[in-house]
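Colleague: Could you take a close look at one part of this for me? Then tell me how that part sits in the rest.

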Amino acid sequence: MFQYTCLNPIANVGLDLLSDDYKKVEDLKDAQAVLVRSASMHDLDLPDSLEAVARAGAGVNNIPLDKCADKGIVVFNTPGANANGVKEMVLAGLLLASRDIVGGIEWIKESKDEADIAKLAEKQKKNYAGCEISGKKLGVIGLGAIGVLVANAATHLGMEVYGYDPYISVNAAWNLSRNVKHISNVEEIYKECDYITVHVPLLDSTKGMIDKNAIDMMKDGVVILNFARDLLVDEAAVVAALADKKVKRYVTDFPNPTTAGKEGVILTPHLGASTEESEDNCAMMAVREIRDYLENGNIVHS
Ligand code: MLT
């Protein structure tokens, strides 16, 4: 039997080896495999016993890849396992950026004790009017598991969808709806789209890709959505563009001091993959990957 260590809670998958939620770093001692969700492993000393690390999620920027490579430690992620959860969050983001649902709910909360609340609400509602996403153009940058699901779902909401991915896989292309316009130049997305959502991994080549130059090319009143990684976007440039009304809303799942509390920012606490289903899928895929590697030496995404 292997020794697993779970660095922070992944999910309640009903397996004994994961039920002991949070272990301290010292517990890595002698571990053959580590399962980790969002905790950073960059400052950890990796024990010589370690053979595999599995990230319960798609992004691996919390894993010290170079250190692992030097020590011959295999790193797994769980691509696609939480894609549906993130897709649904992006759809919610599109709607929240377009309809002031949160503002309306907050107003009701504050006014709940008013006797004539129904009458007041009728007067108030003009302050929360929004626009529809149907008929608007959505640009999806990155057509991996999540981007493809978002692109296809948005076509069903009546959006005109542009997809961009210079490395699109045959599988992703196959899964892409015929109604998504697959374009070869990201600038076309910047120039044409009313909503732009980013679904690429954080790499040296993608870091800060949505910068002032990119924003300057965009339509006035564009909405930018980021459920991938905050460093993909130059957020100081976005905040400045929000102040100038160049950008209408910035919807992001990554709280930090640059964006928190800023006018026009819709911020959630990294909830994209936080559904029962996504957590279970990621945890189970990660466990299967590690087991298959330690038992059979196979390196596969199950
Ligand atoms: C991912 O990389 O897939 C997400 O960050 C997963 C998560 O929220 O844990």
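Modeller: Around the ligand you'll find R37, S38, G57, A58, G59, N82, H270, G272 and A273 (a residue counts as near if its C-beta, placed from the backbone, lies within 6 Å). That shell splits into 2 nonpolar, 6 polar and 1 charged residue, with Gly counted among the polar ones. Bear in mind this is a predicted model: local features need pLDDT of at least 70, side-chain atom pairs count only at pLDDT 80 or more, and totals for chains, interfaces and linings use all residues. Numbering runs from 1 along each chain as its sequence is written.

Now the helix, α6. Residues 145–156 make up this helix (helices are DSSP runs of H or I, at least four residues, numbered from the N terminus). With 12 residues, α6 reaches 17 Å from first C-alpha to last, close to the expected 16 Å (1.5 Å times one less than the number of residues). Which of its residues are buried? They are A145, I146, G147, V148, L149, V150, A151 and A154, where buried means 20 or more other C-beta atoms within 10 Å of the residue's own, all placed from the backbone.

Those buried residues pack against α3 (83–98), β5 (137–141), β6 (160–164), α7 (170–175), β7 (180–183) and β8 (195–198); contact means C-beta atoms, placed from the backbone, within 7 Å, and strands are DSSP runs of E, at least two residues. After α6 comes G158, with a positive phi near 85°. Across the chain, buried residues make up 37% of the 302.

Notes. A residue is buried if 20 or more other C-beta atoms lie within 10 Å of its own, exposed if 12 or fewer, and partly exposed in between; C-beta atoms are placed from the backbone. Two residues are in contact if their C-beta atoms, placed from the backbone, lie within 7 Å.
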